[in-house]
Amino acid sequence: MRIVYTIVLLFLLLPSTVTAQSYKLLWKENFKGKQINEERWSRIPRGTSDWNNYMSSYDGCYDVSNGKLTLLGVVNNVLPNDTAPYLTGGVYTKGKFSITYGKVEIKARLVGAQGAWPAIWMLPEKGGWPDCGEIDIMERLSHEAQAYQTVHSYYTYVLKKSTPPQSKCSPIRPDGYNVYAVEILPDSLRFSINGEHTFTYPRIETTEKGQFPFNTPFYLLIDMQIGGKWVGIPSPEELPAKMIVDWVKFYELKRE
């Protein structure tokens with residue numbers, strides 16, 4: 001009897017994030033038509049970071065057809081006035097759609113190459129990095145049969161705190177479609193792949209700065225990148241690399 005009582009007590013004390021949440025679908029992107037829906041998405045501009053230093057608005061990095069959005073990473077042998085060795089495509093919902101508490105799901109297939117670095121992630125509409133946080137729903141390196149899901153913040157990046165764990169690497173179907181998701185909750189971020197829970201990053205009691213800055217509106221980025229310190233030197237003969245996105249879903253959290 002004491003064992004049964006202990007099990008019941010432990011169950012009652014578990015965080016609320018282990019229970020199923022109730023969500024309402026806000027919108028679903030099926031990529032119908034032949035062009036990117038500019039009411040929802042913008043092409044990501046080029047920057048100076050590893051993840052965006054080859055971003056391009058070149059049409060050859062984007063394809064919308066058969067209900068799919070394809071983002072490509074290609075060798076730049078098509079834009080002679082652009083000195084970048086590679087061109088990559090990426091879209092985001094910045095300034096057009098964001099979510100505070102809810103769930104984001106993306107179904108995508110990755111066609112890898114050495115040096116390919118596709119990513120699906122979220123950034124806050126307001127505030128700087130890393131203080132205001134980053135949610136990495138999926139990153140994949142080259143041909144790996146696994147995806148990285150990671151949380152970044154002032155607490156993890158500047159203070160270099162590793163408790164609670166901020167990242168998890170989980171298996172994927174390397175040549176097929178996978179569904180990548182995150183639930184953004186008041187007390188945690190809960191990640192999954194193909195409906196299987198991978199890990200939870202909780203909000204904890206701490207006096208340290210910036211442990212859980214994930215209670216403001218976040219927008220979604222979906223992008224391809226080639227090369228960088230993390231993924232390493234690309235193999236041009238293996239390009240183009242592709243990320244083929246079947247659909248995107250945003251849900252809002254229902255409050256009792």
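**Loops, cores and a surface patch**

Mentor: At 65% relative accessibility, Lys 160 is exposed. Keep in mind that this is a predicted model.

Trainee: Where is Lys 160 found?

Mentor: Lys 160 sits in the loop between α2 and β11.

Trainee: What is phi of Lys 160 near?

Mentor: Near 60 degrees, which is a positive value in a residue other than glycine. Most residues other than glycine have a negative phi.

Trainee: Which other residue other than glycine has a positive phi?

Mentor: Asn 66 is one, with phi near 55 degrees. The loop between β3 (62-65) and β4 (68-75) holds Asn 66.

Trainee: Is Asn 66 buried or exposed?

Mentor: Exposed; the relative accessible area of Asn 66 is 72%. The cut-off for exposed is over 50%, so Asn 66 counts as such.

Trainee: Changing topic: how many residues are in the largest nonpolar core?

Mentor: The largest nonpolar core has 53 residues, and Met 122, Leu 220 and Ile 222 have the most contacts inside it. β16 gives the most to this core, with five residues.

Trainee: What does Ile 222 touch?

Mentor: Leaving out residues up to four places away in sequence, the contacts of Ile 222 include Trp 41, Leu 71, Val 91, Ile 106 and Ile 120. Also among them are Met 243, Val 245 and Val 248. Ile 44 is another residue that Ile 222 touches.

Trainee: Which residues does the second, separate core include?

Mentor: That core has eight residues, including Ile 44, Met 55, Trp 121 and Leu 123. In soluble globular proteins, nonpolar side chains tend to be buried together.

Trainee: Then which residues form a nonpolar patch on the surface?

Mentor: Trp 129, Tyr 157 and Val 158 do, and together they have about 300 Å² of accessible area.

Trainee: Where is Val 158 found?

Mentor: In helix α2. Val 158 is partly exposed, at 39% relative accessible area. Buried would need under 20% and exposed over 50%, so Val 158 falls in between.

Definitions and conventions:
Residues numbered from 1 in each chain as written. Predicted model: local features only at pLDDT ≥ 70, side-chain atom pairs only at ≥ 80, totals over all residues. Heavy atoms only, no water. Helix = DSSP H or I, 4+ residues; strand = E, 2+ residues; numbered from the N terminus. Buried < 20%, exposed > 50% of the residue type's maximum accessible area, 1.4 Å probe, protein only. Core = buried A, V, L, I, M, F, W, Y, C linked by side-chain atoms within 4.5 Å. Contact = heavy atoms within 4.5 Å. Patch = residues over 30% accessible without salt bridge, like charges linked within 9 Å, V, L, I, M, F, W, Y side chains within 5 Å. Areas by Shrake-Rupley, 256 points an atom, 1.4 Å probe, with all protein chains shown as cover. Salt bridge = Lys/Arg side-chain N within 4 Å of Asp/Glu carboxyl O.
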